[in-house]
Number of protein chains: 2
Amino acid sequence: MTEEEFLKNYDSTEFQKPSVAVDLVLFTIRNEQLQVLLTERKQYPFIGKQALPGVFVQMEETLDESAQRALYQKAGLHDIYLEQLYTWGALDRDPRMRIISVSYYALVPDSRIPDSEQEKFFPVEEILQRNDIAFDHREIIRYGRERIRNKVSYTDIAFSLVPEEFTLPQLQKIYEILLGQKLYKANFRKKIADKIQPTEKLTSGSKHRPSRIYRKKD
Amino acid sequence: MTEEEFLKNYDSTEFQKPSVAVDLVLFTIRNEQLQVLLTERKQYPFIGKQALPGVFVQMEETLDESAQRALYQKAGLHDIYLEQLYTWGALDRDPRMRIISVSYYALVPDSRIPDSEQEKFFPVEEILQRNDIAFDHREIIRYGRERIRNKVSYTDIAFSLVPEEFTLPQLQKIYEILLGQKLYKANFRKKIADKIQPTEKLTSGSKHRPSRIYRKKD
DNA sequence: AATTGTTAGTAGCAATTTGCTACTTGCTAT
DNA sequence: ATAGCAAGTAGCAAATTGCTACTAACAATT
């Protein structure tokens, strides 16, 4: 049997297969809190409960593309920091059938969230206290928060949560929220000095000293 | 329609589904090198080439269980450090059909590898130079190495690569291989001091000063 | 015009960690 | 004895982190 023959005869429907979905944890920072987008379920199961937005993986799209599609279809967003998180495979995680969920997380500055989506964000702290979240999505959110918490210190993901132009007090606040602890101003600035570029601009309108506006270097 | 009715009528075969497999990156350290288990493919596709051991995910097993099964069926190993790595979903990663692969990596001390498996390990450095590895498995191996390299500094995974009883020069060597750089003896010992317990035993048989034997604390 | 309140931003030092060199210890083989 | 060799320790310099206190620049109030 040649390879060609083999491939022609291969019956890919021979075995029963699980379904594969992508679920998206879309994080932002608002009101000095880490928040996540939740959608209300319109169908069984968990009708009326809140869940992460998700899509089934189509045969002709990669996982990354599924995640991007979810991001666009469910939140109207493009060109956002997006990274695979973990794949969940418990047998009973969906009562309909066996569904394996590849979770992704995305980070978006509050300023980029469309008006239509504003209402759908909820603080992670609160969500983790609740027990009425659909599926295993609360666990996914917790896991996502842990991932960011780890990565913030050795990557630049914090910049994904801030607009193109930002002040250092803003940026520091992002770091503090993600890490869950205060940082020292002077040390923080030394640390990130090589990642930022000052602009000529200063903030205005506040009733105290204005802050210099920076951009990410490169 | 009640939830029960809905679930009864739900047709889970309505859509075409990808297959889901688990591929295993089994790392060990031998000859002062990071090595990986590869199996020779006996079937199309990539017949004769080397690949990571893998299994299809069965409907009645979780992903972790699939990974453990692969570990046992393909390497005869039980109770090994095992962690999910990443899920690979390129459209053409398998020429037979759409297969989504959930990769796991495992860490095992060289001393625990059964005789029958000894021959199947190959140095990661070499593998990454080659271009005759089946599927996208070379990329998976590279990704696995990156993951360990990151985790070694803020977790205890290095202990998974060493027997229950070990010497500090042994352990330090493991860290050095994983990190890809030399460490300072005295500093290394300060760092891990709270993670280890000395035994009464010393090594013997060497023609120089014997080394104290330790165990992991807890 | 000076004072107060508030946040932005800088100085500087103590404590800890890391980088590095040199030493001492305990074994075997000459 | 002593030479060779790896195990293990001492200790200091350099860099990083923890922390306090300062100065700078604005608006609002006196």
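A polar contact is a pair of N or O atoms within 3.5 Å; within protein, one atom must be able to donate a hydrogen and the other to accept it, and residues adjacent in sequence count only if both atoms are side-chain atoms. With that in hand, welcome to this predicted model, in which 10 residue pairs are in polar contact between chain A and chain B, both residues at pLDDT 80 or more. DNA strands C and D each have 18 residues around them.

A word on conventions: residues are numbered from 1 along each chain as its sequence is written, and chains are lettered from A and ligands numbered from 1 in the order in which they are written. In this predicted model, local features need pLDDT of at least 70 and side-chain atom pairs count only at pLDDT 80 or more, while totals for chains, interfaces and linings use all residues; side-chain values use heavy atoms, with hydrogens and water left out.

**How the two copies are related**

**Where chain A meets chain B**

- Contact (heavy atoms within 4.5 Å) joins 38 residues of chain A with 38 residues of chain B.
- About 3,400 Å² is buried between the two chains, and carbon and sulfur atoms give 64% of that area; buried area is the accessible area (1.4 Å probe) that two parts lose on being put together, summed over both.
- In chain A, the residues that lose the most area to chain B are A:Lys17, A:Tyr44 and A:Met59, together 21% of what that side buries.
- Salt bridges between the chains number 0 (a side-chain nitrogen of Lys or Arg within 4 Å of a carboxyl oxygen of Asp or Glu).
- Among the elements giving two or more residues to chain A's side are helix 1 (3-9), strand 1 (19-30) and helix 2 (63-75), while strand 6 of chain A gives the most, with 4 residues. Helices (H or I, at least four residues) and strands (E, at least two) are DSSP runs, numbered from the N terminus.
- Chain A's side divides into 21 nonpolar, 10 polar and 7 charged residues.

**Around DNA strand C**

- The closest of the surrounding residues are A:Lys185, A:Arg212, B:Tyr184, B:Asn187 and B:Arg209; a residue is near a strand if one of its heavy atoms lies within 4 Å of it.
- The side chain of B:Arg209 has an N or O atom 2.6 Å from a base oxygen of DNA strand C.
- A:Ser211 has a polar side-chain atom 3.1 Å from a phosphate oxygen of DNA strand C.
- Helix 6 of chain A gives the most to this surface, with 3 residues.

**Around DNA strand D**

- Here the closest residues are A:Tyr184, A:Asn187, A:Lys191, B:Lys185 and B:Arg212.
- Sugar and phosphate make up 63% of the atoms of DNA strand D that come within 4 Å of the protein.
- A base nitrogen of DNA strand D lies 3.0 Å from an N or O atom in the side chain of A:Arg209, and a polar backbone atom of B:Arg212 is 2.5 Å from a phosphate oxygen.
- Helix 6 of chain B gives the most to the surface near DNA strand D, with 3 residues.

Terms used: Ala, Val, Leu, Ile, Met, Phe, Trp, Tyr, Cys and Pro count as nonpolar, Asp, Glu, Lys and Arg as charged, and the others, Gly among them, as polar.
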